[in-house]
Amino acid sequence: MSYEIKKAAVLGAGVMGATIAAHLANAGIRSVLLDIVPFELTEDDKKKGLTKESPQWRNRFAANGLEGAVKSKPASFYSKNLKSMITVGNFDDNLGLIADCDWVIEVVVENLKIKQDLFAKVEKLIKPTCIVSTNTSGIPIKDISANFGERLKERFLGTHFFNPPRYMKLLEVIPGEKTKKEIVEFIKCFGEEVLGKGVVICKDVPNFVGNRVGVFDIANAMKIMVDKGMQIWELDAVIGKGVGRPGSSIGGTMDLVGLDTGYHVMNNLYEAVPHDEMREYYKPTDVMQKMMDNKWLGNKTKQGFYKRETTANGKKTKLGLNYSTMKYVPFEKPRYDSVSDAKKYEGAFEQKLNVLFNGKDLAAEVVREYLCRNFIYAANRIPEICDDIPTIDNAMKWGFNHKLGPFETWDALGLKNVVETMKSLKLKVPKKIGDMLKAGCETFYLKKDDGRYYYDFETKSYIKIQENSKIIYLPSLKERKKIVKENASASLVDIGDGIACLEFHTKMNTIDRDMIDLIYESCDIVERDFAGLVLANHGQNFSAGANIFQVLIAIQQGDWDLLDQLIHRFQYANMRMKFCEKPVVVAPAGLSLGGGCEMTMHGARAQACGETYIGLVEVGVGVIPAGGGTKELMVRVTEGLPAGAVESGLNLQPLYQKVFENIGMAKVATSALEAVELGYLRKTDGISINRDLQMWDAKQAILGLSKIYRKPSPALIPVMGENFKGMASAILYNMRHGNYISDYDVHVAMKLADIISGGYCAEGTFVTEDYLLDLEREAFLSLCGEQKTQDRIMHMLMKGRPLRN
């Protein structure tokens, strides 16, 4: 049987339920969001004339949940307009709305009886093909489904989303004993391709995989902190990015998640796993108990392990909790030789980790003990919680933002080396690890000519990892000699089917001369030898814009001709892509700012990741976009105008005011969909929710385009002349006198207005793209010559944030 999901129902409109519904909307899935009816009318309800029959009152919990998702930070929706895809209601009046749903997800309170009672009603209403799941994080699937009919058991499983659902990649799928394999496979595929998730298949055991291993990781670190008499800021200085953990480390992560959440998960695990050899680690410490008693729950209560205060002179300071005195105290970030040595070491993360692990100070001791215990615990959980090591590794990367999973980390440090360390720490090495070494297997993962393999504890052999044919991995292609052309900043790679991919690899993929040169060369090569070109990379950010350090050096040396040449060359590299004889599809993801945004806008199409943060932000350093960004926004807002509209007196002000505001206020879209609303992307551009599949989607877009592609004709853009400058001047006057902007902001904004106005042209004049590029370049260079712009660029380089002056 084939399955599809076009409409879903989410039962339970708390934070998790509402944000799951929001992410379904992000993926284009309509849903019904239901919750209980409130218990009693409040006095405020009565004053509003509400009764117990009023839908506004009866649907309150679901409506409030939806509004919470709309207002949430970070945003749960790609666009607030997606709210319209969700229908709210209540269990008493509206449960019948689930009758035509393809998927019903239960997200009510963690109470077995409440879940069973609700499912008893659901079972009578759903259609025979409806898939039903629970988002429980702790109650066994077999207990929830105990009273189900046999047919429903076949279509029932656990689907455990991690919070917040839009941003956390992990989706745990937990089949029941009777769940059909085809249902499990469908939900896995749907989760990956439609919802953009990384899916792991778990066994029906307490807290499944992610929380079972991840919570131990945190509990282990906390115990080491207490055992070694360290404070939280000392622990966080060690267990951070150096060992592949998020920058929030342990204390910051607990504050972010909420101490109450961590406390309850630990307590539940302590009760649920009586035979776990490390069970005592789950028992919340006295420190956590005191923090719970004091309601110091983290960010939600504005104090947890850390607290921010404003001093008498207005300076913000960060305090840490001294758990010995239970008082917040100022602290300085501790310095450890092994941490510093690892950070300074020139090499990959794995090499830096080895420097830290093999250090001689307290930090290195902590890291060895922390990682070794984690490794042993993870190894001992197979086959209890899952059948293979990639499942645990992926769960920790996708659900806890670890750089590497425990077995990948173990490989990075050397299996034998770590085992010797375990013995020196008097830790019990799992028998399966000893058997593995006796068999001559010294890594958990192997790379062979035909792919990647993992060690299987049951068969004591290596098993090939099944690769997703839709994932294009550039390093693998490079190993197979698929590089067509490369330099220090970029590589052109053959990704098959007649398509080439231009990959950037500078720091944060900032744009420099070498990258620009390869854009030109790539277009030449593609026109001759390929069907199309993709611009994409695996970096966290597509491109953070121009290399402003190079710009500053040129300014300081007074080499204006060189700077002019560099800007001109970047402008026309973008134009080369736009007018390439073969289609160019740009695939932005993460930060796509300034020049990164400009490159995106010059492709024949964009295939943006849903999590794309794109905008023209140059005013933050006192300049304007000069790579064609201003010009291209002007093209986009006018390209659909009816013939003769401008000559007939069409008012262009509303169109160009949007361009002026986008650039002048440095508006950054917080999703690809919001980028469409702001005009950085077109409605015809594609959106990939799963970053892993984005390059494949871009490739498919080119294969479709290449059969019918014809390069665009150069645009003629109507301008407003002095009338636009007058409008801009009035807006800026009000903003300046409201003290929203500085005098220099006004100066920069008027340079922008000069470009949008078309310079000294009469209203209704049509100008060329080249003409606007000249205006952009002239404005950019003139602003670079001003001291305040140079101060802003220097401040950005030193502090990493704009300077207002």
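Q: Which residues does Trp 410 touch, leaving out those up to four places away in sequence?
A: Trp 410 touches Phe 375, Ala 379, Leu 415, Val 418, Val 419, Met 422, Ile 433 and Phe 444. Do keep in mind that this is a predicted model.

Q: Noted. How many residues are in the largest nonpolar core, and which have the most contacts inside it?
A: The largest nonpolar core has 119 residues. Those with the most contacts inside it are Leu 11, Val 104, Ile 392, Phe 407, Trp 410 and Phe 444.

Q: And which helix gives the largest share of this core?
A: That is helix α17, residues 362–380, with 11 residues in the core.

Q: What about the second, separate core?
A: The second core has 58 residues, including Ala 606, Ala 728, Ile 741 and Ala 753. As general background, nonpolar side chains tend to be buried together in soluble globular proteins.

Q: On to helix packing. How do α16 and α19 cross?
A: The axes of α16 (residues 349–357) and α19 (residues 406–413) come within 9 Å and cross at roughly 75°. The two helices are therefore roughly perpendicular to each other.

Q: Which residues meet there?
A: From α16 there are Glu 350, Leu 353, Asn 354 and Phe 357, and they meet Thr 409, Ala 412 and Leu 413 of α19. The residues of this contact divide into 4 nonpolar, 2 polar and 1 charged.

Q: Now the sheets. What is the strand order in the open sheet of 7 strands?
A: The order is β15-β16-β17-β18-β19-β21-β24, and the pairing is mixed. β15 (483–486) and β24 (686–688) stand at the edges with a single partner strand each, so one side of each is left without a neighbour in the sheet. From one strand to the next, the twist averages 20°.

Q: Is β17 buried or exposed?
A: Strand β17, residues 499–504, is mostly covered, with 6 of its 6 residues buried. In a regular strand the side chains alternate between the two faces of the sheet. For β17 both faces are covered: Ile 499, Cys 501 and Glu 503 are buried on one side, and Ala 500, Leu 502 and Phe 504 are buried on the other.

Q: How does β16 pair with β17, parallel or antiparallel?
A: Antiparallel: 5 bridges join β16 (residues 490–494) to β17. Leu 492 has Leu 502 in β17 as its bridge partner. The hairpin of these strands has 4 residues between them, and Gly 496 takes a positive phi near 95° there.

Q: And how does β17 run relative to β18?
A: β17 and β18 (residues 532–535) run parallel and are joined by 4 bridges. Ala 500 stands opposite Leu 533 in β18.

Q: What joins β19 to β21?
A: Strand β19 (residues 584–586) is joined by 2 bridges to strand β21 (residues 605–609), and they run parallel. Val 586 stands opposite Ala 606 in β21.

Q: What about the open sheet of 3 strands?
A: Its order is β12-β13-β14, with antiparallel pairing. Here β12 (445–448) and β14 (461–464) are at the edges, each with a single partner strand, so one side of each lacks a neighbour in the sheet. The twist in this sheet averages 35° from one strand to the next.

Q: Switching to loops: where does Val 273 lie?
A: Val 273 is in the loop between α13 (259–272) and α14 (286–293). Its relative accessibility is 5%, so Val 273 counts as buried. Leaving out residues up to four places away in sequence, Val 273 touches Pro 206, Arg 212, Arg 279 and Tyr 282.

Q: How far apart are Val 273 and Glu 486?
A: They are 213 residues apart in sequence and 54 Å apart in space, C-alpha to C-alpha.

Q: Last one: is Ser 145 buried or exposed?
A: Ser 145 counts as buried, at 9% relative accessibility. Ser 145 is in the loop between α7 (141–144) and α8 (150–154). Not counting residues up to four places away in sequence, Ser 145 touches Lys 153 and Phe 156.

Technical notes. Residues numbered from 1 in each chain as written. Predicted model: local features only at pLDDT ≥ 70, side-chain atom pairs only at ≥ 80, totals over all residues. Heavy atoms only, no water. Axes fitted to C-alpha atoms, helices over the stretch in contact; angles between N-to-C directions. Parallel < 35°, antiparallel > 145°, perpendicular 65-115°, else oblique. Contact = heavy atoms within 4.5 Å. Nonpolar A, V, L, I, M, F, W, Y, C, P; charged D, E, K, R; others polar. Core = buried A, V, L, I, M, F, W, Y, C linked by side-chain atoms within 4.5 Å. Buried < 20%, exposed > 50% of the residue type's maximum accessible area, 1.4 Å probe, protein only. Pairing = 2+ DSSP bridges.
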